[in-house]
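Colleague: I would like to learn how to read a fold like this one. Please take me through it feature by feature.

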Amino acid sequence: MPATPIPVHEGGCLCGAVRYRVHGKPALTAVCHCTFCQRRLASAFAIVAFFPEESVEFLQGEMSTHEHISDASGRWLRVNFCPHCGTSMGHTAEFRPGVRAVAAGTLDERDWLTIDRHVWVQSKLPWVQIPDGMPTYQQAYVAP
Ligand SMILES: [Zn+2]
Ligand SMILES: [Zn+2]
């Protein structure tokens, strides 16, 4: 019997300069309500899909990087965006080696993605409603 093919999804920025492909399902998906995500996306929350770095293939376009050093931990977080249209493409973090966080709103098709948890709920905007039964964390999710 042939092996089931690994699902592939593509995405890109608003202007089309940056294009990428992800292989397989994300290891984890989260809605993040932290103030850092609110500001970097100018939005209420972030939809983040974490993939092993080797599962994210960049097809075209150079991304710009903004490095943020955490006040709390002193560790870096590198946010990638399109230098032409400014679309946030995702980030990598010193504390998650080998993992790339894809800004899931940039996927061409987004309806297949399910959310595993909501994090940083302590700074969630008051009008955002989290579905019943959804795992929530006041701050970051720390793997057990
Ligand atoms: Zn662009
Ligand atoms: Zn966040």
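Modeller: This is a predicted model. We can begin with the nonpolar core.

Colleague: Which residues of the largest nonpolar core touch the most other members?

Modeller: Cys32, Ala46, Val48 and Val102 do, in a core of 25 residues. Strands S2 (19-23), S3, S4 (46-52), S7 (76-81) and S9 (99-103) each supply at least two of its residues. S4 gives the largest share, 5 residues.

Colleague: What is valine 102 in contact with, leaving aside neighbours within four places in sequence?

Modeller: Its contacts are Val22, Ala49, Phe51, Val56 and Gly90.

Colleague: In what order do the strands of the open sheet run?

Modeller: The order is S6-S7-S8-S9-S4-S3-S10, 7 strands with mixed pairing. S6 (64-69) and S10 (117-119) each have a single partner strand, so one side of each lacks a neighbour in the sheet. From one strand to the next, the twist averages 30°.

Colleague: In which sense do S3 and S10 pair?

Modeller: Strand S3 (residues 28-32) pairs with S10 in the parallel sense, over 3 bridges. Valine 31 has histidine 118 in S10 as its bridge partner.

Colleague: What does threonine 87 touch, not counting residues up to four places away in sequence?

Modeller: Threonine 87 touches Cys13, Leu14, Phe81, Cys82 and Thr106. Threonine 106 is 19 residues away in sequence, with a C-alpha to C-alpha separation of 8.2 Å from threonine 87.

Methods: Residues are numbered from 1 along each chain as its sequence is written. Chains are lettered from A and ligands numbered from 1 in the order in which they are written. This is a predicted model: local features need pLDDT of at least 70, side-chain atom pairs count only at pLDDT 80 or more; totals for chains, interfaces and linings use all residues. Two strands pair if DSSP finds at least two bridges between them. Helices (H or I, at least four residues) and strands (E, at least two) are DSSP runs, numbered from the N terminus. Axes are lines fitted to C-alpha atoms, for helices over the stretch in contact, and angles run from 0 to 180 degrees between N-to-C directions. A nonpolar core is a set of buried Ala, Val, Leu, Ile, Met, Phe, Trp, Tyr and Cys residues joined through C-beta atoms within 7 Å. A residue is buried if 20 or more other C-beta atoms lie within 10 Å of its own, exposed if 12 or fewer, and partly exposed in between; C-beta atoms are placed from the backbone. Two residues are in contact if their C-beta atoms, placed from the backbone, lie within 7 Å.
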